[in-house]
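Hi,

Have a look at it first, then read on.

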Amino acid sequence: MKKRILVTGGTGYIGSHTVVELIENDYEVVIIDNLYNSDAETAKRIGKITGTTPHLEVFDLCDGKKLNKFLDKTENISAIIHFAAFKAVGESVNKPLDYYRNNLISLMNLLDAMIVHQIPSIVFSSSCTVYGQPEKLPVTEHTPIQPAISPYGNTKQIGEEIISDTISANHGLKAISLRYFNPIGAHPSGLIGELPRGVPENLVPFITQTAIGIRNELQVFGNDYNTPDGSCIRDYLHVVDLAKAHVAAVDRLTGDKNKKRYEVFNLGTGKGVSVFEAIESFERVSGVKLKYRITNRRPGDIEKIWADPSLANREMGWKTVYSLDEAMRSAWKWEKSIRKII
């Protein structure tokens, strides 16, 4: 019998790619999503890629009664992957209470439900934002957690603490927190990818929307950072590589391969890329010259960060395989594909 995995936020950007990888690795997937920043059509697109359309249940995880009612009738869940959260750094600075309310209540409801319904494992979608601006690079899992620069980053820090404390108090539970760096790109099929509502908060969809003519120009937030070209540096990893890491984490938890009941792993390429280098990569693979304007630094942004992913490489047998150019090429294919659909 296939192991059943509950994926919250499974029609979102990272969630949908992870659902594809889970199905292709012979897991059964059930999705809960409130469709705040995604579309029910995504489940059908997953079906086109995999041949199996996952069951989608539409409601908000902040409604604990609905969650428990759903779990009453959904048996034999081996693990949960929890993506469902607000995720924009800049927006969180302007709407902190929305972020604390949504991201933390949903997580606590989920952990409560795990205890009641005896669901043993959870993989938490965390973030490199928990490190703030680290003093030393690259970042390892032992790098000190800095005070969060944004409410979004703080919800990830607090979320990890809530999970750690809950695992300590409930010996039947175990968890892995995956601290992502910057996911980009889209599925090679061109059927799923990043489709933010409104003005994109992330660099690559802003790049592709500018290239296709939806945005007049790309804004580069600051060119006066202490970096080689003055722009921020991030560790950009292909979303399919990131999705595969979630399968590795579920394999580890459901196969009892975890070494501690609560583990943390960094997910990145190990290479820092500047905003200008990312722009050059896109221009190289697309043949499109981008119009961009340098503007003020954005609140909540850190200067530079990239991962040391060696622990995940060693313990989970996971590493990135896609290049920056390949990620940009897939993002451009997705942008062109979705605009024809819309």
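Two strands count as paired if DSSP finds at least two bridges between them. Helices (H or I, at least four residues) and strands (E, at least two) are DSSP runs, numbered from the N terminus. This is a predicted model, where local features need pLDDT of at least 70 and side-chain atom pairs count only at pLDDT 80 or more, while totals for chains, interfaces and linings use all residues. Residues are numbered from 1 along each chain as its sequence is written, and side-chain values use heavy atoms, with hydrogens and water left out.

Let's start with the sheet. By that rule S1 and S2 pair in the parallel sense, over five bridges, and isoleucine 5 stands opposite valine 29 in S2. Seven strands make up an open sheet with parallel pairing, in the order S3-S2-S1-S4-S5-S6-S11. Strand S3 (55-58) and S11 are at the edges with a single partner strand each, so one side of each has no neighbour in the sheet. From one strand to the next, the twist averages 20 degrees.

Two helices go with it. Helix H3 (residues 64-72) packs on the sheet and touches S1, S2, S3 and S4; contact here means heavy atoms within 4.5 Å. The direction of H3 makes about 160 degrees with that of S2 (axes are lines fitted to C-alpha atoms, for helices over the stretch in contact, and angles run from 0 to 180 degrees between N-to-C directions). Helix H5 (residues 96-117) lies across S1, S4 and strand S5 (121-127), at about 170 degrees to S4.

Now the inside. A nonpolar core is a set of buried Ala, Val, Leu, Ile, Met, Phe, Trp, Tyr and Cys residues joined through side-chain atoms within 4.5 Å; buried means under 20% relative accessible area, exposed over 50%, partly exposed in between (1.4 Å probe, protein chains only). The largest such core has 45 residues, and Ile5, Leu22, Leu178, Phe181, Leu267 and Met316 have the most contacts inside it. Among the elements that give it two or more residues are strand S1 (4-8), strand S2 (28-33), helix H2 (41-50) and helix H8 (239-254). H8 gives the most, with nine residues. What does phenylalanine 181 touch? Beyond four places away in sequence, its contacts include Cys128, Tyr131, Leu267 and Trp306.

H2 deserves a look too: seven of its ten residues are buried, including Ile46 and Ile49. After H2 comes glycine 51, with a positive phi near 85 degrees. Threonine 53 sits in the loop between H2 and S3 and, neighbours within four places in sequence aside, is in contact with Ala43, Lys44 and Gly47.

Cheers
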